[in-house]
Amino acid sequence: MNAIAQLSQLLDAADFDDRPLARGGTVAAIHPNVIVAEGMGSYAQLGDFVSLGMDATPPRGEVVQIEPDRVLIAPCENGHALSINDTVIHRGPTLTSPDERWLGRVVNALGEPVDGRGPLAAAPQYGKRRQRRPAMMRARIDEPFRTGVRVIDIFTPLCIGQRFGIFAGSGVGKSTLLAMLARADVFDVVVVSLVGERTREVREFLEDTLGAEGMKKAIAVVATSDESPTMRRRAPSCAMEVAEWFRDRGKRVLLLLDSVTRYAHALREVAISVGEPPVSRGYPASVFTDLPRLLERAGPGGAGCGSITAIVTVLVDGDDHNDPVSDTLRGILDGHLVLQRSIANRGRYPAVDPLASVSRLAERVWTDQQRQLVSQIRAMISLYEETRDLRMMSGWQPGVDGDLDQAVIAVPKIYDALTQRTASPPNADPFAELAESLKNDQANARTA
């Protein structure tokens with residue numbers, strides 16, 4: 001047997017894995033939020049992962065900037081000691097490889113289990129990056145679904161595959177509303193991404209707010225506020241990869257991202273660390289490039305695929321709904337729901353402002369009669385709120401303005417009918433329940 005044949009047999013018998021060959025460089029400089037490596041600029045790509053040092057469990061980092069003679073790496077873990085000339089091993093892009101047995105599990109931003117229940121069925125793999133799906137290769141969004149939340153199903157009805165935002169300040173009820181939306185029985189899988197949350201809130205949300213029943217068909221991807229910006233930046237992408245895996249297998253996936261604002265904050269921290277200048281209220285330009293790049297991955301798939309319905313929360317800084325992130329996201333999403341602190345202070349939950357909320361696909365859901373009814377209700381609510389100060393000063397006299405008289409009587413009853421607690425059962429027909437509630441109020445008024 002010649003040498004070539006022997007070499008061929010050895011190659012066939014070798015047990016190779018899917019990881020790229022170990023190439024790398026050395027640490028040249030160490031900064032608080034970024035590490036400079038030399039010797040990798042000719043083959044490293046943005047988004048590749050590396051191992052730092054030669055420990056048994058070396059810390060990892062992500063390539064965030066490439067120059068001819070150096071590569072800038074954002075570390076994934078905090079607190080690891082590194083020194084100049086430490087080894088840097090190039091690993092390539094890491095892709096999450098989920099499995100049906102991931103349901104009910106909690107993972108970190110790299111797809112590794114953090115719930116203490118043992119290893120996952122499949123581990124993250126190194127391989128080729130997924131290609132984006134062109135617009136004309138996607139199915140259209142035209143199938144409505146009931147969320148079970150009356151105020152949403154009436155004023156901002158949703159469709160399968162829609163991308164929808166919940167805009168609110170802190171402590172107004174975003175997470176609770178997400179849990180109510182997660183109960184919709186039309187979805188096969190729920191993927192929850194908690195980004196920048198307090199460590200206490202993670203377990204409370206998963207165990208109390210979402211509950212044991214909700215977790216049975218859910219996968220949670222968690223990156224808490226004390227983790228590195230790289231992990232907080234990576235968590236939504238990992239959750240999207242999980243959702244895409246199930247969508248490509250024909251599943252209807254609900255993706256809950258809380259919150260996309262903290263994702264933007266992580267993008268900002270990494271971008272500024274590598275020298276990008278802030279251009280809009282402290283945000284570098286790359287932030288507004290990465291936001292649509294992430295959210296456009298949601299939506300329907302192609303022929304034979306399922307869909308990803310994305311519902312994201314937007315933490316409005318200082319209750320300013322015109323901050324750069326909020327303003328950008330309103331242009332990306334297919335609708336938004338606005339929660340107002342003033343409504344929550346009155347004890348009305350969900351604290352939704354129906355006048356400021358909109359669904360761009362509502363016209364595909366409403367019948368002509370429902371569209372006319374919603375328009376009339378909006379007009380009454382607008383008139384009622386505009387004259388609130390006037391009525392507080394005793395400037396309203398019954399009989400002077402018939403429209404205002406009707407609004408003063410009907411709007412408080414509408415608000416009561418739209419109030420809904422987390423434990424309330426999902427509604428089947430929100431318009432019928434609203435009409436029934438108003439009818440009962442009228443009957444009680446006549447009796448009194």
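**Words and their cut-offs**

Author: Start with one residue. R391 touches Y384, W396 and V408, leaving aside residues up to four places away in sequence. Here contact means heavy atoms within 4.5 Å. This is a predicted model, where local features need pLDDT of at least 70 and side-chain atom pairs count only at pLDDT 80 or more, while totals for chains, interfaces and linings use all residues. Residues are numbered from 1 along each chain as its sequence is written, and side-chain values use heavy atoms, with hydrogens and water left out.

Reader: Where does R391 sit?

Author: R391 sits in helix 11, which covers residues 388-392. Helices (H or I, at least four residues) and strands (E, at least two) are DSSP runs, numbered from the N terminus. The protein has 13 helices and 21 strands.

Reader: How do you know that R391 has no salt bridge?

Author: Look at the distance to its nearest side chain of opposite charge. That is E385, 5.9 Å away. Lys and Arg count as positive and Asp and Glu as negative; His and the chain ends are not counted. A salt bridge needs a side-chain nitrogen of Lys or Arg within 4 Å of a carboxyl oxygen of Asp or Glu.

Reader: Why is L178 called buried?

Author: Its relative accessible area is 1%. Buried means under 20%, exposed over 50%, and partly exposed in between (1.4 Å probe, protein chains only). So L178 counts as buried. L178 is found in helix 3, residues 174-181. Leaving out residues up to four places away in sequence, L178 touches I166, F205, L256, D258, I311 and T313. L178 and L257 are 79 residues apart in sequence, yet 9.0 Å apart in space, C-alpha to C-alpha.

Reader: E244 carries a charge. Is E244 buried or exposed?

Author: Buried, because its relative accessibility is 8%. E244 lies in helix 5. The C-alpha atoms of E244 and I152 are separated by 26 Å, and the two residues are 92 apart along the chain. Across the whole protein of 448 residues, 49% count as buried.

Reader: What makes R60 and E112 a salt bridge?

Author: Their side chains meet at 2.4 Å, N to O. That is within the limit, so the pair qualifies. R60 lies in strand 4, and E112 in the loop between strand 8 (106-107) and strand 9 (125-126), so the pair ties together parts 52 residues apart in sequence. R60 counts as partly exposed at 22%. E112 is partly exposed too, at 26%.

Reader: How do you know that E207 and R203 are about one helical turn apart?

Author: Both are in helix 4 (residues 199-215), and they are four residues apart, which means about one turn. E207 is partly exposed, because its relative accessible area is 47%. R203 is exposed, because its value is 58%.

Reader: Which residues are closest to the centre of the largest pocket, and what is its volume?

Author: The volume is about 1600 Å³. Of the 50 lining residues, S237, D290, R293, L294 and R297 are closest to the centre. On a 1 Å grid over the protein atoms alone, a pocket is an open set of points where a 1.4 Å probe fits, with protein on both sides within 12 Å along at least five of seven lines; lining residues have an atom within 4 Å of a point. Helix 5 gives the most to the lining, with six residues.

Reader: How do the lining residues divide by type?

Author: There are 20 nonpolar, nine polar and 21 charged. Asp, Glu, Lys and Arg count as charged, so D290 and R293 belong to that group.

Notes. Grid points are joined across faces, edges and corners, and a volume is the space filled by probe spheres set on the points.
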